[in-house]
Amino acid sequence: MITRRIFLGGAAAAILSAPAAQAKETPIQGGSLTWGVETEPNTLNPHINGQAKAKLILRNAYESLLARTPDGGYLPWLAKDYDISADGRTYSFTLREDVTFSDGEKLDAAAVALNFTKLKEPLYAGSISAGQVSHVTEAIAASSHKLILKLDKVYAPFLDGAAGIEIISPKSFASPRLKAGGPEISGTGPFIIERYVKGQDIRFVRRPDYTWAPANAGHQGPAYLDAVIYRFLPEAAVRTGALTSGQVDVIEGISGNDAGLFRDNPDFTYQSVANTGTPFTLYLNTSRGPTADLKVRKAVMAAIDVERIIQSVYRGARQRAWGVLTPADTDFYDRTIEGSYGFDANSANQLLDEAGWTARDAEGFRSKDGERLTIEVVQSQVTLRDQRDILLQAAQAQARQNAGIDLALRYVDAGTYTQRQNDGVYGSIPNSTTTQENGVTLYFHYLPRAKGGSINFSRTQAPEVSAWLEEAASTLDVKKRFEIYARLQRFALLEQAYGLPLYVPDDQIAAAARVKGAGFRPFKRLPENAYDIWLQG
């Protein structure tokens, strides 16, 4: 066996900094915190929910096998150790013996094995969690606290994904509320879901017997707060107003215009950090409509002045994106892509002329054979956040003004969005993923849908891409994987124009000064749960 022991490693300083920072102030037990959030979960089942924003909420109740360090390493959590076999196809986890679910069941190998087995059932088809376990052939409880996962082949990104899957109790799988999630779906987290009022809020209460926080948490033992309430406030201005007026204690998702209200203001604290995963990208459908033509896709990429619209919408508070991954993915982001393409209206118009879109209709849009050059951009209302509607409108205006392209914006409900994805009936889907790191998200975005590409919005089936991803997955050599992903990046963006990266997703937290301990997860950089938060005075 090749043993990968979990120690502090190079992240020790970062891990130890939290207790040191709190040495000047003694945390106070008790109290209730109200947090204004941008996104309401579309389901409270952590296995089905793929919304990055919902992780802030669900992470209070559901936990995973391993924790992450800022440099991408691993620390004990529900598992206290792990091994990877010499052939890279068997993963063994030694579980803690003192963990229980909120419904009273004990966490053991059989319970965790059941989670991995259930995730292969049709209910989870297309979910990110199901994608993580697609290569698992067997999940075995070798002993009461020894879990063995066998893979069908070497899959290098496996640990990154599998170690982060939220574990729920065996009883939960029998609940009639399994798909919707909620109080009946029990986890091991420091809080328990007490109440959920759709469209309004969700309330968690402290779990008094919680004693298994990971080593890089700010403290050990139960949470400081008695309760935390997340209020669903989708409008940025409403969240800002709620915090400044004292209706809530914390908010996330602060617009570029509002950041100045909190930054350097002694009455508040303000934090922001770029996410790992993929940037917010305008993915172009290669399988139907005008975007099936490479020249049209390249014209779209050249017609939009990304620098200008990012500055206009976010006022310098967001970073322009260039690659298939964000710069926060330090192992695999290839910076050589930066500046290698960009806004060029002349090139966009020349490409469209060559593609035969030479006529103009009465409104100035290009047309061919009496048909307008329309690219339907389908955006889910559920995942619409961070002023992305304004950003898309700005891109729409530029595409029309600079090249006569009609980007028709369609905001649809979750059911319609899923149906459009499945049927491929769209011209473009804008999307980002901020829950996957170390290149894992590339597999979901660029493999054929039938082979695990659950969010392959460009619908590419290019054999080169599949071959590169297969090659990268078959090696544990990080340098080699970087080189392969870099090759894929240039092919996807420069050669095939599968999508136009717009900006790097960024999470922000603003809080009243009396709120202590709010922050971000060390590696995935999403807002952390309320476990370490306490209230002063």
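**Salt bridges and packing in a predicted model**

D406 is buried, with a relative accessible area of 13% (buried means under 20%, exposed over 50% and partly exposed in between, with a 1.4 Å probe and protein chains only). The model is predicted, so local features need pLDDT of at least 70 and side-chain atom pairs count only at pLDDT 80 or more, while totals for chains, interfaces and linings use all residues. Residues are numbered from 1 along each chain as its sequence is written, and side-chain values use heavy atoms, with hydrogens and water left out.

D406 forms a salt bridge with R372, with 3.8 Å between the closest N and O atoms (a side-chain nitrogen of Lys or Arg within 4 Å of a carboxyl oxygen of Asp or Glu). R372 lies in strand 18 (residues 371-372) and D406 in strand 20 (residues 406-412), so the pair ties together parts 34 residues apart in sequence; strands are DSSP runs of E of at least two residues, and helices are runs of H or I of at least four, numbered from the N terminus. R372 is partly exposed, at 26%. A salt bridge also joins R420 and E376, at 3.0 Å between the closest N and O atoms. R420 belongs to helix 12 (residues 414-423) and E376 to strand 19 (residues 374-380), 44 residues apart. In total, 27 salt bridges are counted.

In the contact between helix 9 and helix 11, R308, I309, I310, V313 and Y314 meet R388, I390, L391, A394, A395 and Q398 (heavy atoms within 4.5 Å). I304 touches residues including L282, I309, A395 and Q398, leaving aside residues up to four places away in sequence.
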